[in-house]
Amino acid sequence: MNGHIEKKRLDNPPATIKLKIQRREKEGAPVSWETFELTYRRNLNVISALMDVRKNPVTIDGKATTPPVWDMSCLEQVCGICTMVIDDKVRQSCSALIDDLLLESASDTVTLQPMSKFPNVRDLKVDRSKMFDHLKQVNAWIELDGSYNLGPGPHISNDTAQERYAYSRCMTCGCCLEACPQYGDDNYIGPQAIAQARLFNMHPVGQMEIDERLNGLLGEDGIGNCGNAQNCVQVCPMNIPLTRAIYETNRDVTVNALFGWLKK
Amino acid sequence: MAIKFSKTFLLRKLHQLTGIVPLGLFYFVHLYTNSAALNGPKVFNDHVQDIHNMAYLLFIEIFGIFIPLLFHSVYGILISAEAKPNVLGYGYARNWFYVFQRATGIFLFVFLLFHILNFRFGLIPGLNMTPVAGNADQAYAIVSREFQIVWVLIFYFLGVIATAWHLAYGFFLFAVDWGIVIGEKAQSILLKASLGLAVFLSLIGINAAIAFVRPCGLLPKALCEEPRLTTPTPPKKV
């Protein structure tokens with residue numbers, strides 16, 4: 001064996017499949033559902049299925065409608081922009097293969113919805129700029145610019161480098177926030193920003209601004225609002241150890257914020 | 001730059017701490033006293049009397065139990081109100097535990113209100129009207145009479161199980177939220193230990209409740225004999 005696992009495929013695929021899509025004309029407009037039927041092809045994924053619908057946007061009842069709107073870019077699960085809720089579970093639509101979805105649901109219908117935790121711009125498209133605000137809130141960067149050459153940076157242990165690499169894989173897709181039962185209504189900053197704060201807190205130079213980052217995580221929407229349901233780490237498409245980032249930051253917070261005054 | 005004062009953060013930490021230190025500690029004492037019923041009415045009543053004889057009892061009741069309980073339950077309900085449960089789409093075990101923790105918390109609010117009025121104060125019309133507080137000599141009789149009513153007994157069983165879960169999983173949540181237990185493997189061990197503790201505390205609590213309707217609870221009677229009264233002999237002089 002060379003370690004390659006042949007994925008299960010439909011033995012007797014249906015002639016046609018159905019896409020049930022949640023539609024919304026613009027932000028604040030009412031939600032409606034439309035179902036489209038399209039011819040099954042081998043290796044169809046959700047994006048190519050949506051492209052088929054876009055070519056001929058006629059619903060299963062024969063009603064001509066507008067082509068559904070969605071976001072896409074890299075088509076290889078590294079940019080995160082095509083994230084949507086597929087059969088009640090959040091994931092990237094580019095890597096969601098129709099065969100897998102039909103095998104899992106044992107039906108011929110795939111349901112598509114936009115992520116519910118972000119403003120719905122139109123159809124399956126959402127505005128994820130909140131996540132960028134969260135990165136700013138936790139100072140998710142390292143202050144490097146100065147008036148003179150600082151020389152080479154300090155060495156990092158291999159363990160630290162490995163863990164930081166895992167956090168650096170975040171593509172800001174929003175899966176963790178969508179699946180988090182605590183995230184929403186600006187209640188909680190969420191795992192995405194906490195993992196990025198951890199990424200820069202673990203950097204020897206970034207360590208110097210740890211207080212700024214922890215302050216960003218100690219407000220009303222702070223890290224204390226984590227409910228430990230651990231859905232984030234289950235749904236993360238990049239397998240980022242998000243809960244480890246949360247619990248290591250919990251330790252930083254306990255040491256620096258809760259018991260910090262004992263050092264005075 | 002220094003860490004800024006954060007009210008929300010401190011309240012959260014206080015909520016976690018009150019659940020463990022005054023309330024968790026009190027729960028163990030409470031179970032210990034309840035289990036005395038296994039050895040019969042006299043032993044149980046004596047234990048209740050011992051509590052009545054404690055120094056600073058009123059202060060312990062107010063500052064060690066009543067105020068932490070009120071804070072923990074009211075703030076806990078506020079936390080629960082923030083939850084957006086999604087176990088149907090994401091049915092992972094830990095996601096269910098998240099829901100259980102909130103559901104048992106809300107149930108316990110109702111149950112403890114009933115329990116305190118029922119036994120501590122004897123104020124629920126139609127049920128027991130004699131407070132256990134101040135009537136240690138009737139303590140066993142009061143509880144025993146109450147537990148003859150089937151729905152009351154079942155309600156107490158549910159209360160015991162909900163408390164056992166909420167406290168045992170609460171230990172786990174405390175350890176992870178304070179950054180004590182971080183790693184995946186360590187968490188999995190602690191989680192199993194917590195679930196084991198929940199089962200253990202449930203069994204102890206249920207057995208203690210049964211001891212008020214059937215001597216020695218579910219255990220064989222030989223294991224719980226009422227202590228024989230012996231007349232103390234003065235130590236011999238050499």
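## Chain A: overall make-up

Chain A contains 9 helices and 7 strands. The model described here is a predicted one. Computed along the principal axes of its C-alpha trace, chain A extends over about 75 × 55 × 40 Å. Of its 264 residues, 39% are buried. When contacts in chain A between residues at least 6 apart in sequence are considered, 66% of them connect residues at least 24 apart.

## A helix pair in chain A

Helix α4 (residues 158-168) and helix α6 (residues 191-201) of chain A have axes that come within 9 Å of each other and cross at roughly 145°. The crossing of α4(A) with α6(A) is left-handed. From α4(A), the residues that make the contact are A:R164, A:Y167 and A:S168. Their partners in α6(A) are A:A195, A:Q196, A:R198 and A:L199. Sorted by class, the contact of α4(A) with α6(A) holds 3 nonpolar, 2 polar and 2 charged residues.

## Chain B: overall make-up

Chain B has 7 helices and 0 strands, and its pattern along the sequence reads α-α-α-α-α-α-α. The C-alpha trace of chain B covers about 70 × 50 × 35 Å along its principal axes.

Chain B has 238 residues, of which 26% count as buried. Among contacts in chain B with a separation of 6 or more, 66% are between residues 24 or more positions apart.

## Helices α1 and α6 of chain B

The axes of helix α1 (residues 7-35) and helix α6 (residues 150-177) of chain B come within 10 Å, with a crossing angle of roughly 140°. α1(B) and α6(B) are therefore oblique to each other. Their crossing is left-handed.

On the α1(B) side, the contact involves B:Q16, B:G19, B:I20, B:G24 and B:Y27. These residues meet B:T163, B:L167, B:G170, B:F171, B:L173, B:F174 and B:D177 in α6(B). The contact of α1(B) with α6(B) is made up of 6 nonpolar, 5 polar and 1 charged residues.

## Helices α3 and α4 of chain B

A second pair in chain B is formed by helix α3 (residues 57-82) and helix α4 (residues 93-121), whose axes come within 10 Å and cross at roughly 140°. That angle makes α3(B) oblique to α4(B). The crossing of α3(B) and α4(B) is left-handed.

The residues of α3(B) in this contact are B:S73, B:G76, B:I77 and B:S80. They meet B:R102, B:G105, B:I106 and B:F109 of α4(B). By class, the contact of α3(B) with α4(B) includes 3 nonpolar, 4 polar and 1 charged residues.

## The contact between the chains

Chain A contributes 33 residues to the contact between the chains, and chain B contributes 26 residues. On the side of chain A that touches chain B, at least two residues each come from α7 (210-216), α8 (231-235) and α9 (242-258) of chain A.

Among these elements, α9(A) gives the most to the side of chain A that touches chain B, with 10 residues. The residues on this side of chain A fall into 9 nonpolar, 16 polar and 8 charged.

Notes:
Residues are numbered from 1 along each chain as its sequence is written. Chains are lettered from A and ligands numbered from 1 in the order in which they are written. This is a predicted model: local features need pLDDT of at least 70, side-chain atom pairs count only at pLDDT 80 or more; totals for chains, interfaces and linings use all residues. Helices (H or I, at least four residues) and strands (E, at least two) are DSSP runs, numbered from the N terminus. A residue is buried if 20 or more other C-beta atoms lie within 10 Å of its own, exposed if 12 or fewer, and partly exposed in between; C-beta atoms are placed from the backbone. Two residues are in contact if their C-beta atoms, placed from the backbone, lie within 7 Å. Axes are lines fitted to C-alpha atoms, for helices over the stretch in contact, and angles run from 0 to 180 degrees between N-to-C directions. Angles under 35 degrees count as roughly parallel, over 145 as roughly antiparallel, 65 to 115 as roughly perpendicular and the rest as oblique. A crossing is left-handed if the near helix is turned anticlockwise from the far one by less than a right angle, and right-handed if clockwise. Ala, Val, Leu, Ile, Met, Phe, Trp, Tyr, Cys and Pro count as nonpolar, Asp, Glu, Lys and Arg as charged, and the others, Gly among them, as polar.
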